[in-house]
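Work through the exercises below with the model open. Each task is followed by its solution.

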Amino acid sequence: MAAVVLSEAEKVYIVHGIQEDLRVDGRGCEDYRSAEVETDVVSNTSGSARVKLGHTDILVGIKAEMGTPKLEKPDEGYLEFFVDCSANATPEFEGHGGEELGTEIASTLYRVFSCESNVDLKSLCINPREHCWVLYVDVLLLECGGNLFDAISIAVKAALFNTRIPKVRVLEDEEGSKEIELSDDPYDCIRLNVDNVPCIVTLSKIGYRHVVDATLQEEACCLASLLVSVTSKGALTSVRKVGKGSLDPESIFEMMETGKRVGKSLHIALQKILDEEESLGTSRQKVGFLG
Amino acid sequence: MLTSRTFLKRTRAGAVVKVVREHYLREDIPCGAAACSLCPPRPPGPGLGLQAQPNGASSSLCPGPHYLLPDTNLLLHQIDILEDPVIKNVIVLQTVLQEVRNRSAPVYKRIRDVIQNPEKHFYSFTNEHHRETYIQQEQGESSNDRNDRAIRVAVKWYSEHLKKIEDKEKIQVIFLTNDRINKEKALEEGLTAYTCEEYIKSLTANPDLVDRLACVSDEGKEIESGKIIFPEHIHLSKLQQGIKSGVYLQGTYRASRENYLEATVWVHGDAEENKEIIIQGLKHLNRAVHEDIVAVELLAKDEWVAPSSVVLQDDGQNEDEEEKENTLKTSVSKDMLRPTGKVVGIIKRNWRPFCGMLSKSEVKEARRHLFTPADRRIPRIRIETRQADTLEGQRIIVAIDGWPRNSRYPNGHFVKNLGSAGDKETETEVLLLEHDVPHQPFSQNVLSFLPKMPWSITEEDMKYREDLRHLCVCSVDPPGCTDIDDALHCREIENGNIEVGVHIADVSHFIRPGNALDEESAKRGTTVYLCEKRIDMVPELLSSNLCSLRSNVDRLAFSCIWEMTHKAEILKTRFTKSVIKSKASLTYAEAQMRIDSATMNDDITTSLRELNRLAKILKKKRIDNGALTLSSPEVRFHMDSETHDPIDLQTKELRETNSMVEEFMLLANVSVAQKIYDEFPEFALLRKHPAPPPSNYDILVKAAKSKNLEMKTDSAKALAESLDRAECPTFPYLNTLLRILATRCMMQAVYFCSGMDNDFHHYGLATPIYTHFTSPIRRYADIIVHRLLAVAIGADTTYPELTDKHKLADICKNLNYRHKMAQYAQRASVAFHTQLFFKNKGVTNEDAYILFVRKNAVVVLIPKYGLEGTVFFEEKDKPKPRLDYNSEVPSLTVEGTTLHIFDKVRVNIMLDASNIQHQKIRMVLVEPKLLGGDVPATLSTEISSKNEPEKKKKKLQK
């Protein structure tokens with residue numbers, strides 16, 4: 001991952017600050033940087049969102065395509081994740097450089113969304129065993145400024161909230177042959193319920209304390225961090241440890257508690273923003289990439 | 001300003017795709033009104049835009065100056081009205097134009113032509129790109145509603161915009177729509193809106209327009225009144241599912257000429273069984289019209305019927321239809337039964353405007369009348385008109401608008417009056433329309449691709465051309481020919497051999513692939529020659545001037561040059577684009593005269609003599625190979641120079657020079673065919689003539705046998721030889737008769753694409769490969785061949801469609817169809833002029849030979865006029881004569897008198913004009929005299945006063 005090189009003195013400065021609940025940019029340990037969220041930024045997707053968290057810049061596009069349901073879940077649709085680490089973000093990603101990170105993030109997303117109750121996959125089914133909607137979630141990293149996972153999960157949730165799947169009807173005649181009919185009205189579409197879509201909260205252990213939303217500098221001081229995915233109700237859906245250091249069970253427990261607490265407020269803030277944007281309707285002035 | 005349009009669509013593979021298109025909105029789109037000073041000036045183009053002082057017809061509803069703005073449905077249904085010269089100053093919105101384009105290509109083309117016409121002052125306003133008239137689809141709004149709203153927004157914009165123009169008189173915009181809801185909404189918004197009917201009726205100066213309104217009423221209204229006669233048609237999407245699953249069969253509906261209650265459906269596809277399905281009875285026919293694409297459902301096997309041999313004419317009276325239907329159900333043996341079905345839905349209507357005549361209603365002052373089309377396969381059409389008195393006895397065109405379930409006949413509207421029946425121009429127009437010959441003048445768009453005059457050959461043109469202007473080239477054609485597409489030359493070269501060149505007009509130089517001119521020529525396919533009219537395939541500037549290889553002017557040509565020995569053996573063949581300067585344009589007679597007269601020894605004459613000598617050798621070789629020389633009498637009329645009525649009729653004379661030109665054309669065609677096939681084995685456009693199945697020759701063999709002659713038909717060569725041997729010293733005309741008969745046994749020659757077929761043989765000419773290269777002015781096939789050859793020799797560039805064998809196969813299909821139709825139209829024209837001739841001549845008696853013997857009639861040929869006719873022995877309302885038919889000999893014994901094939905008889909010829917729509921030549925046997933009650937000689941006078949005979953004769957079509 002894109003890393004910054006810090007001198008020993010700088011590290012000590014950061015660690016000592018955190019010890020005092022005061023981070024370099026003035027935040028407390030459980031504070032997020034201010035985030036910018038905008039949905040519907042790519043018009044030829046079914047749903048899209050762009051999230052800027054500090055210097056981290058993420059674009060998520062979701063495309064709904066018709067496919068066949070998986071054999072083991074004949075009456076459900078499914079999600080596919082793909083993460084593209086653009087060389088825009090950092091020169092290290094050039095060529096195949098970003099692939100490893102991309103796969104890692106994608107597999108994390110699969111795990112986070114593996115819980116049944118996260119997205120109502122049954123609503124994605126068109127007719128069992130034959131047709132379902134497949135949501136291709138494409139994540140594009142535009143800039144890395146620390147705390148990629150959280151930013152990506154926020155963007156994915158916002159994009160899912162924004163997703164509009166065209167309504168189709170299955171016409172069946174006497175012989176049993178099925179015909180799929182597309183609705184004439186482009187406004188006639190399915191919205192996904194995102195109430196249970198989790199967000200990732202990354203807790204980085206720095207010194208004796210842990211912080212959320214670490215910057216690149218802070219990440220450089222961190223030996224081990226814990227990724228927890230939390231729903232808006234505070235339920236944990238997955239936990240993962242990253243980094244080469246180790247964590248003792250006591251602190252893991254503590255971190256999970258923090259994660260739940262922070263996660264809940266994160267969901268509330270995000271939902272508020274999304275609803276606000278939604279209420280503006282088509283009159284909203286789009287910011288896009290020029291803003 | 002930029003916005004984007006987003007829509008969803010289903011791809012063929014079944015996926016749903018979201019498509020986003022950029023959509024630019026502008027502020028500089030002019031409103032088109034000439035008096036408008038607010039808008040930027042209109043870019044130059046065809047059409048003149050709207051007039052400052054609209055001078056269209058005055059309307060009592062809206063006496064002031066006004067522009068019209070129709071909606072989509074109105075445009076689709078009432079295009080006939082909008083094309084009338086009275087209707088001017090119409091704004092056609094882009095929204096409307098696009099919807100029309102999606103729904104009906106022919107109407108779209110027509111409206112485009114109207115917009116281009118500077119006299120009509122139609123203006124197409126691109127409202128979808130105008131900043132103030134563009135709207136987005138709203139939530140809960142269907143795309144139709146959105147378009148309706150877009151139209152209303154544009155109307156509103158126009159009315160406000162025109163108010164701003166500082167002018168003495170304010171111009172109004174009138175919104176025309178037949179949609180009740182749309183009209184109400186428009187009125188709510190304060191717009192001026194009328195239905196088409198309201199507006200047209202208000203044009204008090206032009207009452208005749210009302211007749212041409214298409215009668216499309218609201219669907220809902222119809223079901224309330226009248227009893228329902230027909231079962232409902234199944235919806236298209238259901239039909240398609242049914243066809244996929246095999247419940248229904250899709251096919252082309254062909255109504256029967258003889259029986260209006262019967263039709264056959266030719267099922268599409270390659271299925272072996274159920275190829276032809278019989279449909280019987282009004283309910284089963286279910287409002288299908290001839291040539292429609294329909295879906296049929298097969299009936300159970302115990303309901304199958306046999307094709308009935310009854311002749312039934314729809315006489316228009318609403319008598320008991322069921323009773324008639326019962327007459328169809330005669331008991332027949334099991335093996336006569338054919339697959340029978342019923343029409344369940346229409347996949348595609350193939351309605352076109354139909355020619356015919358009005359059958360005036362017997363009720364006085366009635367406005368609803370029935371129209372009887374000239375084509376018997378088309379049902380009668382109910383139209384509404386107030387000018388029935390003037391239309392009686394006129395040939396008119398009527399279009400079908402719809403066929404509701406409770407109506408016995410389809411509803412239609414009057415389109416055009418062609419003129420009185422029997423009139424020469426009218427009848428020519430009718431036969432062109434009925435044979436689907438495109439004969440409208442070339443549109444502005446097509447003409448815009450013509451070279452600009454004065455035209456001259458440029459340096460650029462010379463790049464890939466050889467300069468052959470020094471050669472002594474001349475052309476030989478029939479008298480009065482203005483589209484000369486071939487010329488010849490012949491000279492001795494240094495090594496003692498002879499160089500012969502065929503130079504063909506380089507039409508493909510002027511007609512570039514893909515432009516409107518090319519498309520129009522491809523559509524027309526061929527030039528149609530009628531007795532006194534020529535329907536050109538390419539505009540006159542090309543056909544009679546720039547492409548015509550006239551004498552003493554530089555012309556572009558495509559040359560095929562051979563080096564031959566004095567024995568006409570080809571040593572070398574080469575093709576090149578060239579420039580030639582013909583030294584003389586001769587007629588066949590002039591050329592013949594030069595060859596024959598010993599005193600003339602100039603360059604032209606000597607080369608003609610040499611060509612003639614070579615042609616004879618070539619011809620002999622060809623005949624030795626087994627080429628057939630067949631005969632079909634061709635008729636030529638001598639026209640009165642004042643009235644253009646035929647005053648004499650004679651068969652065409654053939655001279656040596658005809659055969660000379662023909663021989664070299666054949667040689668060029670064969671050489672070119674070989675060359676393009678070698679170069680493009682998959683994409684060569686060739687012409688083949690399949691060998692007829694042996695059973696076709698039965699009639700010829702039998703006929704020859706009756707004269708003690710033997711016909712060998714196992715090969716073309718054998719046939720040619722037996723025909724040559726078939727001479728009878730006492731009956732010199734026999735040989736010609738046999739050759740005429742042999743012609744009738746042949747198959748039709750067709751164009752095809754070499755990649756789609758593997759039988760290339762040309763039976764009649766006895767060549768393994770053949771194509772058409774020598775008449776590009778009058779045949780489109782030749783243009784394609786020219787392009788192929790030009791690519792093959794590197795003189796021109798190729799284009800994608802040229803090497804697409806499916807596209808080529810489509811072209812061939814159209815060409816074969818047009819070619820056939822042109823032939824039919826030609827014959828119909830000859831038949832009509834023959835009728836005119838005999839009308840002027842009165843009743844005559846002529847010598848004739850019996851050509852065919854039928855069960856109840858004989859077909860005779862009158863050599864003097866090359867005229868063929870049928871002599872019937874059965875008359876309606878007369879006791880039937882005793883007829884005895886012997887199919888072996890063949891002969892027919894009528895009341896004791898036996899008639900054999902080839903018997904010489906004398907017939908009485910007269911014109912039967914009792915049915916004005918189907919006039920015909922009537923022939924009655926005079927010699928030998930028939931015994932029995934009805935002596936035909938006296939019969940003739942009776943017939944003319946009698947009603948039209950019920951029994952319809954088939955048209956005399958070879």
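**Exercise 1: a sheet in chain A**

Strand S13 (residues 224-230) of chain A and S14(A) form an antiparallel pair over 6 bridges; strands are DSSP runs of E, at least two residues, numbered from the N terminus, and two strands pair if DSSP finds at least two bridges between them. This is a predicted model, where local features need pLDDT of at least 70, side-chain atom pairs count only at pLDDT 80 or more, and totals for chains, interfaces and linings use all residues. Residues are numbered from 1 along each chain as its sequence is written, chains are lettered from A and ligands numbered from 1 in the order in which they are written, and side-chain values use heavy atoms, with hydrogens and water left out.

Task: Find the bridge partner of Leu226(A), then place the strands in their sheet.

Solution. 
1. Leu226(A) has Lys241(A) of S14(A) as its bridge partner.
2. The open sheet has 4 strands with antiparallel pairing, in the order S12-S11-S13-S14 (chain A).
3. S12 (209-212) and S14 (236-242) of chain A are at the edges with a single partner strand each, so one side of each has no neighbour in the sheet.
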